[in-house]
Amino acid sequence: MLLNGDCLDKKSEEPRENGYQEAEAGDEASGQEVIVIQDTGFTVKILVPGIEAFSLQVSPQEMVQEIHQVLMDREDTCHRTCFSLQLDGNVLDNFSELRTIEGLEEGSVLRVVEEPYTVREARIHVRHIRDLLKSLDPSDAFNGVDCNSLSFLSVFTDGDLGDSGKRKKKGVEMEPIDCTPPEHILPGSRERPLCALQPQNRDWKPLQCLKVLTMSGWNPPPGNRKMHGDLMYLFVITAEDRHVSITASTRGFYLNQSTAYNFNPKPASPRFLSHSLVELLNQISPTFKKNFALLQKKRVQRHPFERIATPFQVYSWTAPQVEHAMDCVRAEDAYTSRLGYEEHIPGQTRDWNEELQTTRELPRKNLPERLLRERAIFKVHSDFTAAATRGAMAVIDGNVMAINPSEETKMQMFIWNNIFFSLGFDVRDHYKDFGGDVAAYVAPTNDLNGVRTYNAVDVEGLYTLGTVVVDYRGYRVTAQSIIPGILEREQEQSVIYGSIDFGKTVVSHPRYLELLEKTSRPLKIQRHRVLNDREEEVELCSSVECKGIIGNDGRHYILDLLRTFPPDLNFLPVAGEELPEECRRAGFPKPHRHKLCCLRQELVDAFVEHRYLLFMKLAAIQLMQQKAKRVESPGPLENGTSEAGASETPEAMEAAGEEGASGLAKVKELAETIASDNGPAVDPKSREVIQNACKAVGSVSSTSFDIRFNPDIFSPGVRFPESCQDEVRDQKQLLKDAAAFLLSCQIPGLVKDCTDHTVLPMDGATLAEAMHQRGINIRYLGKVLDFVLRSPARPQLDHIYKIGISELITRSAKHIFKTYLQGVELSGLSAAISHFLNCFLSSFPNPVAHLPADELVSKKKNKRRKNRPPGGADNTAWAVVTPQELWKDICQEAKNYFDFSLECETVDQAVETFGLQKITLLREISLKTGIQILLKEYSFDSRHKPAFTEEDVLNIFPVVKHVNPKASDAFHFFQSGQAKVQQGFLKEGCELITEALNLFNNVYGAMHVEICACLRLLARLHYIMGDYAEALSNQQKAVLMSERVLGIEHPNTIQEYMHLALYCFASSQLSTALSLLYRARYLLLLVFGEDHPEMALLDNNIGLVLHGVMEYELALRFLENALSINAKYHGAKSLKVALSHHLVARVYESKAEFRSALQHEKEGYTIYKSQLGENHEKTRESSDYLKCLTQQAVALQRTMNEIYRNGSSANIVPLKVTAPSMASVLEQLHIINGILFIPLRSVRG
């Protein structure tokens, strides 16, 4: 069964030969553990003052607090925040689990009791009311705050899709629907409008409940009023324009007699005291009462996934013009250092380091413990990321005081909210030998990759710092949690392992060696010795600049993990070292801008796995040779396999043929025996085989396969003792082989997968991801494109080439933009960005930049500028950039960095030469740099005026890189579920994946990329097993989640829309299915353009649905477009093309144009016959269909002749041309979408 793109993460399982994979608990054990979590739920009754009692389903592991949350969200109780829950008169503790509460059982009655307010509770109440008033307002999502993000699905489905939807199923299949798409969606259209990306949602015209709700200027209450219970004062202007002043007191809210200029705290009439602000406002404003009720009704109707916060902030690169409304809470937040709900946490600022490390120390013996631990780690992490992002922006915007204010701006460091911030510049020539500022810029991301890796290995007792890297306004800021005590002492004193000067002085420590030894196996790091400046040998188990510091809390921290992985020799020329032939052919080694180029972890893993297969084959061949020799003569075995020999053996391996398979099994057994302790039992000949094979593949052990890298090889300044020269020589060879492996295996592998369409990138990000999964760094992009150009299947890789070129152009532009922005002061930001975009994308030949001094004239010219931006470049240099210069720089950058010749002098030439779209380039550059632009139609091609004005640049967002903690148990369940499904056991697969979904929800909360993949697969399974309603509901969630977590036009979202459309069609929601498909087509046009293999699938889907609703002309336009795209990307003789011909023929048949129908079906028949042979069922089906078409054609001809002969009195038999049945359309939809309904084996179990 094919599951289109349902793989979560194609990272291959770690090869097991390195023997560090933990044994997974048997399935039974994990089965038992899961049962523990799912205690059965029960129902309690809730009594709220003023409304009828209602029942609520709860589960024993929930906390009391979660019932609070439910009540604060329910339509009829949402305006209450300050209450306790009581059972038989006893107040329940907020943080206790329900199962620990005595006497709480099925049918218990919980009373909601109003509690007196405190200042904190009053503030929470006002904040909550403001959130309710803003609940349908999308401005937070456009502004990228509080983890809000956009979703547009409901615009296309007209509300919910399930049975609760507005449109109940019609009995008749054919409801009259308008199927014509907007002009720009039709095949062949050249226009790519931007406004359609964010259609206006009807619910956004917010119902105005109040004009103003804000804190009063009379705050805080004076002492005498405080003693009367006044907590704070609010100022409100109602929709009827009544100005009122409100007192929040310990007992609730009431009107007072103050005005804007007169303070009079006495109660005003009506003398109405209300515990809830909403009830008070209901009393004084009829409009508020009506609109607030309507607003809550609408809020509750929205799908929960449209409102839940995402774990990490997603930013939108376009936004409509939104009115800036007065908002007391937002104003207050901006000027307090509030992060998340800080006032909920005693002691105000959080000790991030303590939180991050304590969560790692939680127990993890069984499943419930692991879930608790992973949930805590994930939560702290997403909070830390949000805090770090906010802090980094504050630092660059100049709102944080430096801890070393007297030094120049580049060198300043900052502490804010217990997070340490440093800028990506080379301070104190630390990176002088590595490329200066350029090295200082990449070091943080390398370090972050190191942190990610050590966190994933998760060794008890070894700690890393919370690390977030933020790129904002052209600067790179590293945010780290602070090791306790590190600020009080000098670095030299604290480092007890590693080196602070890149290998001159090196120290080691037994406890660190012991801890790092545990990581060395999974990370393939070799324990090695280096010399320090006193010629002493020091033993390390990491690169030299990895430092070990014991904090005041006694924990062992490691930091500066920028060289966790071995160096990439293709970009590190070393005098006197020659690279393998494959590298030299490709023009390597090439000097790079910095000397910190590392291989990716994925590459190291793939290389080791490749070597393992080689090892097994070599040993198998030698064992067979021995067997053969034993038969001939017992002569000694020659070992002729050197490194060179190793690469020539594949021919011999092929010859080993059939016997090889059993040979490999023997080797495996043999290798395991030798590696275990009963070595002596093995005869010396076999032992020699293993030794030879180990030697040939470069294993560090001679008795078992074990490949490790020494990360310090070729590191400037690091010296090795004499005694290790052999080892160092082998290590150098290994690094050269790895560099060659990337060029000779990984890049061709990627291109092959793209040719087979097993990998289908649609934009820059998905292409980068595909490269990264194979361990190819982005700096190889030029090489990948060269390989595509030289590929025999070049036309079938057209889409890859286009995506690669636009990625190359936008990345080069990003590098230039980064330095360009550093010279711009805040007041010139929008002018500078719009000028850059004009030079980059507009056809207007000479855009002029507006310097920011236009609007205001200052009295005296200030000579000394205090607040220069870090990096302090010239503040107006950006204004003289021209399009010609910029494009010259882009081509230069592409050549220098990616070694690729673009040879374009203008944007129009680039668009023309490579077939790119300006709107796509705009999207890519905006996403990469964090620009947000106004949602409107831009005339890029006008030669009379520039495309962008400064009003079009709305915002600049940070681009944030952070660690993504994983839910390991859930992921294992997900993978086993996938495996079961692949074997055809759908029911068991479905159960495992449902379980995975529960565990994912347990760790990540409701919103996460991995949950999205889980839901998509569940939907597909339910669909195949015939449960359409369940499939629809799961897929709807998957679409919403993909929009919210990945972005509204992310390639993943496009595919989710396509799946949802299919399930809608199957559930007879035809118009919805069409509008979803049109949306997917529009998004793909915007993100890439029309000429993409995925477009053929989309157009086939659209064409089939249109055929089903008898829109034949339209259907033909889409199906014929799909036919030509399929022919281009799959070859004119492929089965996909045959199927396309058949689909087109069916529409012609429905139109009674039999000649065209016959022509297409013949083409299809020819392909089937040549590809599958005469007797294949497909060929036979096609031939039967041809006969049927011929008969119809003959019948039609007869009728025509009859009419010619007898005129109108002819005796005409009506033609039998019928509209296709829904079932037949659905069947074709299944075929093109690769859904095979498996025979009943699937429902076993």
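This is a predicted model: local features need pLDDT of at least 70, side-chain atom pairs count only at pLDDT 80 or more; totals for chains, interfaces and linings use all residues.
I started with a charged cluster: Asp763, Glu807, Arg811, Arg923, Glu924, Lys928 and Glu1049 are tied together in a network of salt bridges.

**Entry 1, salt bridges.** I ran the search over the whole structure and got 76 salt bridges.

Next I checked glutamate 306. The partner here is arginine 302, and the closest N and O atoms of this salt bridge are 3.9 Å apart. I have glutamate 306 down as buried, since its relative accessible area is 13%.

Then I went to aspartate 730, whose side chain meets that of arginine 729 in a salt bridge at 3.7 Å, N to O. Aspartate 730 comes out as partly exposed, because its relative accessibility is 47%.

**Entry 2, helix 31 against helix 32.** I wanted two numbers here, because two packed helices are described by the angle between their axes and the distance between the axes. At what angle do helix 31 and helix 32 cross? For helix 31 (residues 986–1004) and helix 32 (residues 1009–1024), the crossing is at roughly 155 degrees, and the axes come within 10 Å. Angles over 145 degrees count as roughly antiparallel, so I wrote helix 31 and helix 32 down as roughly antiparallel to each other. Their crossing is left-handed.

I listed the contact residues as well. On the helix 31 side they include Leu986, Ile993, Leu997, Phe1000 and Tyr1004. On the helix 32 side, Ile1011, Leu1015, Leu1018 and Ile1024 are among them. Sorted by class, the contact of helix 31 with helix 32 has 14 nonpolar, four polar and one charged residues.

Which peptide bond has omega near 0 degrees? That is the bond from phenylalanine 588 to proline 589, and it is cis. I found proline 589 in the loop between helix 16 (581–585) and helix 17 (601–632).

I also flagged the peptide bond from asparagine 219 to proline 220, which is cis with omega near -15 degrees. Proline 220 is in a loop as well, between strand 6 (210–215) and helix 6 (223–226).

Where does asparagine 418 lie? I placed it in the loop between strand 11 (413–416) and strand 12 (419–423). Asparagine 418 is not a glycine, but its phi is positive, at about 65 degrees. I noted asparagine 418 as partly exposed, because its relative accessible area is 32%.

My last stop was glutamate 535, with phi near 60 degrees, again positive in a residue other than glycine. Glutamate 535 is in the loop between strand 17 (528–531) and strand 18 (537–540). At 51% relative accessibility, glutamate 535 counts as exposed, since the cut-off for exposed is over 50%.

Methods. Residues are numbered from 1 along each chain as its sequence is written. Side-chain values use heavy atoms; hydrogens and water are left out. A salt bridge is a side-chain nitrogen of Lys or Arg within 4 Å of a carboxyl oxygen of Asp or Glu. Buried means under 20% relative accessible area, exposed over 50%, partly exposed in between (1.4 Å probe, protein chains only). Axes are lines fitted to C-alpha atoms, for helices over the stretch in contact, and angles run from 0 to 180 degrees between N-to-C directions. Helices (H or I, at least four residues) and strands (E, at least two) are DSSP runs, numbered from the N terminus. Angles under 35 degrees count as roughly parallel, over 145 as roughly antiparallel, 65 to 115 as roughly perpendicular and the rest as oblique. A crossing is left-handed if the near helix is turned anticlockwise from the far one by less than a right angle, and right-handed if clockwise. Contact means heavy atoms within 4.5 Å. Ala, Val, Leu, Ile, Met, Phe, Trp, Tyr, Cys and Pro count as nonpolar, Asp, Glu, Lys and Arg as charged, and the others, Gly among them, as polar.
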